Amino acid sequence: MRHSLFAIALTALISATAPALACSSPDLGPEVYCRTYRGGPKTSSYKTANGRLGTFFHFDNLSDLLDYLPPDEEMRQLRAWRPDGPQSRIAEERQNVQVPAYIVAVKPGEDDHDMHVIISNRSRGANRDFMTVEVSGLPRDHVNEADFARVRAEIRAILPEINTGSSDYIRIVPPARVLIRGSLFFDGDHVYGCRSCPGPGWAKPMTVWEIHPVYSITEQ
């Protein structure tokens with residue numbers, strides 16, 4: 001389900017991007033999630049009704065996963081996404097996935113303490129697909145905190161260059177081939193494709209669908 005340039009422009013026109021806000025509770029420390037927008041889904045992996053971690057459905061590549069997801073324009077018609085957004089996962093987000101991909105950029109110094117990771121279907125070349133996946137800050141309620149601490153350690157071990165805490169995107173050269181596992185999340189607080197939208201200028205995702213939170217990152 002690919003988006004036309006017209007659809008991209010239309011989305012940008014009808015949805016203003018929210019300004020970035022500094023962490024309002026700096027006493028939480030640098031690892032704990034520090035924002036309010038949909039904090040519950042952002043800091044909890046999808047679980048089934050019996051409380052078990054949902055099955056991770058495998059996609060052979062990132063392009064297949066992006067084709068599987070409902071278009072952003074359809075998602076925005078489901079309910080109001082701002083200012084607060086739905087406080088729990090909606091039906092379309094109740095799924096865990098795993099997909100091999102290449103990490104091409106990381107922004108480790110976000111104000112909310114998440115790490116914004118840009119993945120691609122290929123390591124180089126034109127006409128690549130990109131997607132944002134987020135290694136979340138630690139949950140404030142400490143539920144499954146060890147899982148969140150583990151995945152933060154995983155990405156830092158694979159990409160030691162991100163330990164600087166840079167507030168800008170760091171280009172990963174060469175891109176790191178990994179297997180990403182995590183929960184689907186529609187980040188209705190943002191739009192896609194614009195200059196200030198998620199991703200560096202050379203690697204802009206054309207969707208606000210994310211894998212968020214990431215459950216594991218394994219080097220391939």
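Predicted model: local features only at pLDDT ≥ 70, side-chain atom pairs only at ≥ 80, totals over all residues.
**Close-up views, one legend each**

**View 1. Ser-120 and its polar partners.** A polar contact of 3.4 Å links the side chain of Ser-120 with the side chain of Asn-121. Such a contact is a pair of N or O atoms within 3.5 Å; within protein, one must be able to donate a hydrogen and the other to accept it, and residues adjacent in sequence count only if both atoms are side-chain atoms. A polar atom of the Ser-120 side chain also sits 3.0 Å from the backbone oxygen of Arg-122. Residues are numbered from 1 along each chain as its sequence is written, and side-chain values use heavy atoms, with hydrogens and water left out.

Ser-120 belongs to strand β3 (residues 115–120). Helices (H or I, at least four residues) and strands (E, at least two) are DSSP runs, numbered from the N terminus. How accessible is Ser-120? Its relative accessibility is 0%, so Ser-120 counts as buried; buried means under 20% relative accessible area, exposed over 50%, and partly exposed in between, with a 1.4 Å probe and protein chains only. Setting aside neighbours within four places in sequence, Ser-120 is in contact (heavy atoms within 4.5 Å) with Leu-62, Ala-101, Tyr-102, Val-104, Arg-128, Asp-129 and Phe-130.

**View 2. The whole chain, for orientation.** Start with a step back: the chain holds five helices and six strands. Reading from the N terminus, the elements go α-α-β-α-α-β-β-β-α-β-β. Of the 220 residues in the chain, 52% are buried. Among contacts with a separation of 6 or more, 73% are between residues 24 or more positions apart. The average pLDDT is 88, and 88% of the residues score at least 70. Over residues 1–21, though, the pLDDT is below 50, and this stretch has 36 contacts in the model beyond near neighbours in sequence.

**View 3. Aromatic rings in pairs.** How many aromatic pairs does a search of the whole structure find? The search turns up three. Rings of Phe, Tyr and Trp (its six-membered ring) pair if their centres lie within 6.5 Å; planes under 30 degrees apart count as stacked, over 60 as edge-to-face and the rest as tilted. Phe-56 is buried, at 13% relative accessible area, and Tyr-215 counts as buried at 18%.

Another pair, Phe-186 with Trp-209, is edge-to-face: 5.4 Å centre to centre, 70° between the planes.

**View 4. Arginines over the rings.** Back to Phe-56 and Tyr-215, now with their arginines. Arg-150 lies over the face of Tyr-215, 4.8 Å from the ring centre. Arg-181 lies over the face of Phe-56, at 4.1 Å from the ring centre. A charge sits over a ring if NZ of Lys or CZ of Arg is within 6 Å of the ring centre and within 35 degrees of the ring normal.

**View 5. The nonpolar cores.** A nonpolar core is a set of buried Ala, Val, Leu, Ile, Met, Phe, Trp, Tyr and Cys residues joined through side-chain atoms within 4.5 Å. The largest one has 38 residues, and Leu-65, Ile-103, Met-131, Leu-159, Ile-211 and Ile-217 have the most contacts inside it. At least two of its residues come from each of α3 (62–68), β2 (96–107), β3, β4 (130–135), α5 (145–158), β5 and β6. Which element gives the most to this core? That is β5, with seven residues. Another core lies apart from it, with six residues, including Tyr-102, Val-104, Ala-105 and Ile-118.

**View 6. Ile-172 in strand β5.** Ile-172 has its place in strand β5 and counts as buried at 3% relative accessibility. Beyond its neighbours within four places in sequence, Ile-172 is in contact with Ile-103, Val-104, Ala-105, Val-106, Leu-159, Glu-161 and Ile-162.

Conventions: pLDDT = per-residue confidence, 0-100.
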